[in-house]
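The following briefing concerns a single protein chain. Please consult the sequence and structure as displayed here.

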Amino acid sequence: MISSPIVSFAGDNDPRTTLDEAMAWQEHTTAAFDMLVFPGGHFYLTEQMPP
């Protein structure tokens, strides 16, 4: 358990990590937790980059 805030980032169509699994990071901190969900799969960030 840590006392630092955690922000979890997830893709809404990730075949490797479910949103519930990403949300489970909140169990590892006594501080604030937030989760941001983006369109895309496991590599959503790469998928969002302009060509």
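**Structural briefing**

Of the chain's 51 residues, 22% count as buried, where buried means under 20% relative accessible area, exposed over 50% and partly exposed in between (1.4 Å probe, protein chains only). This is a predicted model, in which local features need pLDDT of at least 70, side-chain atom pairs count only at pLDDT 80 or more, and totals for chains, interfaces and linings use all residues. Residues are numbered from 1 along each chain as its sequence is written, and side-chain values use heavy atoms, with hydrogens and water left out.

**Confidence**
- Mean pLDDT (the predictor's confidence in each residue, from 0 to 100) is 93 for the chain, and 98% of the residues reach 70 or more.

**Architecture**
- The chain contains two helices and two strands; helices (H or I, at least four residues) and strands (E, at least two) are DSSP runs, numbered from the N terminus.
- Their order from the N terminus is β-α-β-α.
- The C-alpha trace spans about 40 × 20 × 10 Å along its principal axes.
- Of the contacts (heavy atoms within 4.5 Å) with a separation of 6 or more, 72% involve residues 24 or more positions apart.

**Surface**
- The accessible surface of the chain is about 4,000 Å², and 59% of this belongs to carbon and sulfur atoms; accessible areas come from the Shrake-Rupley method with a 1.4 Å probe, and for residues only the protein chains shown count as cover.
- Leu36 lies in strand S2 (residues 33–38) and is partly exposed, with a relative accessible area of 33%.
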